[in-house]
Amino acid sequence: MSRFTVTELMPGGPRLVVRHPVGDPRGAFTRLFCDDDLLAAGWSGPMRQANHSRTEQAGTVRGMHFQRAPHAETKLVLCLNGTVWDVATDIRPESPTFLTSVSAELSADNNTAMLLPPGFAHGFQTLTDTVDLLYFHSASHVPEAEDGLNPLDRRLAIPWPREITILSERDRSRPMLTDDFRDVML
């Protein structure tokens, strides 16, 4: 029996993965990652890297980040402390949902993670102070392959739920999409 319930957010795209803790009088045990269960949910390849981020202030936006092919990755994002509005944007030029975003609230309390296949940019906004995210990656980070979209780009129309309090200069300075943006993603 799987310790996860998986819901598809977009055909061939991101999925929500709800973890099911097992509890007793001592507390609880929660499986965070299981290759066997997550392969059926869309995980591809081995787990190559795990990363942790801490964001201190509510309203902070990080994103929209991705790695270019051939280093594109599957990513599982879990919230271990606090609450975030997690966003995935389709950056597959041939996709009928190109530049469409899906989002969900991830928190330590709702045991929900987002599983993103290759071809999606990822970002989030913190809804509480002191947020800890854990990321599992199917590919190692390659600095030359990292890229991103401007999270404020009107073409993306990302519904950030709060006023943005902090946005890095790196993310803010990413160029806005132009009319030839589909060609740029190739």
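Student: What makes S8 and S9 a pair of strands?

Tutor: Two strands pair if DSSP finds at least two bridges between them; S8 and S9 run antiparallel and are joined by seven bridges, so they meet the definition. One of the positions concerned is valine 87, whose bridge partner in S9 is serine 103. The strands themselves are DSSP runs of E, at least two residues long, whereas helices are runs of H or I of at least four, and both are numbered from the N terminus. The model is predicted, so local features need pLDDT of at least 70 and side-chain atom pairs count only at pLDDT 80 or more, while totals for chains, interfaces and linings use all residues. Residues are numbered from 1 along each chain as its sequence is written, and side-chain values use heavy atoms, with hydrogens and water left out.

Student: How do you know that S8 also pairs with S11?

Tutor: Seven bridges join these antiparallel strands, and alanine 88 stands opposite histidine 122 in S11.

Student: What makes the largest nonpolar core a core?

Tutor: The term denotes a set of buried Ala, Val, Leu, Ile, Met, Phe, Trp, Tyr and Cys residues joined through side-chain atoms within 4.5 Å. This core has 16 residues, and Val77, Val84, Ala88, Leu106, Met114, Leu116 and Leu133 touch the most other members. Strands S7 (75-81), S8 (83-90), S9 (101-107), S10 (112-116), S11 (120-126) and S12 (131-137) each supply at least two of its residues. Apart from it lies another core, of 14 residues, among them Phe66, Leu99, Ala121 and Trp160. In soluble globular proteins, nonpolar side chains tend to be buried together.

Student: Which residues lie nearest the centre of the largest pocket, and what makes a residue part of its lining?

Tutor: A pocket is an open set of points on a 1 Å grid over the protein atoms alone, where a 1.4 Å probe fits, with protein on both sides within 12 Å along at least five of seven lines; lining residues have an atom within 4 Å of a point. Here 24 residues form the lining, and Arg62, His65, Lys75, Tyr135 and Arg170 lie nearest the centre. S6 gives the most to this lining, with six residues.

Notes
Buried < 20%, exposed > 50% of the residue type's maximum accessible area, 1.4 Å probe, protein only.
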